[in-house]
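Trainee: Could we walk through this model together? I'd like to start with the sheet and finish with the pocket.

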Amino acid sequence: MKIFNRHDRIIPAEQDAVGAVLDSLAGPEDALWPREVWPPMVLDSGLTVGAAGGHGPVKYRVAEYVPGRRAAFQGGVDGRHYFEVVPREGHVIIRHDLEGDCDLGMWLKWTFLVKPLHNNLIEDGFNKVESRFRGTAVKPPHWGPYVRFLRWMIRRAARKGQPGQGK
């Protein structure tokens, strides 16, 4: 089965400025990943081809990196996901695509568990980028009851897995 998921955001800035935001991904001054409210993206050797890491339980490797333009990752699903900075006249589009192949079990997990969280995480990141260039806070996407429930379940499972917390 196929999975395809795309997020785009028009950013009122120059390509080099938004490209610098992409280049900060997983670094100490990460201006893209919404690590303030989601597990941080961590890469063992920074944003370089071959670097391994992920965010929370999701693990992947950097498969391609074109500074200021594109960072692609392999892992998670049998496919790729990437951030891309696309210059246009007078603005830039920042894009995240996830595409892959999976069996029915993974498709169900993606559809009902991962996708709702993924969509909110990416939109929160794009809000962070847009806020940076607009100079004002962009209203965060609404985390609906289902996403809030999933986040609660993840926190609860993490606490139960810690030593001394009981099971």
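**Sheet, helices and pocket**

Mentor: An open sheet of seven strands runs in the order S1-S7-S6-S5-S4-S3-S2, with antiparallel pairing. Strands here are DSSP runs of E, at least two residues, and helices are runs of H or I, at least four, numbered from the N terminus; two strands pair if DSSP finds at least two bridges between them. It's a predicted model, so local features need pLDDT of at least 70 and side-chain atom pairs 80 or more, while totals for chains, interfaces and linings use all residues. Residues count from 1 along each chain as its sequence is written, and side-chain values use heavy atoms, without hydrogens and water.

Trainee: Which element gives the most to the lining of the largest pocket?

Mentor: That pocket (an open set on a 1 Å grid over the protein atoms alone, where a 1.4 Å probe fits, with protein on both sides within 12 Å along at least five of seven lines; lining residues have an atom within 4 Å of a point) is lined by 31 residues, with Val114 and Leu117 among the closest to its centre. S4, S6, S7, H2 and H3 (145-160) each supply at least two lining residues. The top contributor, with nine residues, is H2.
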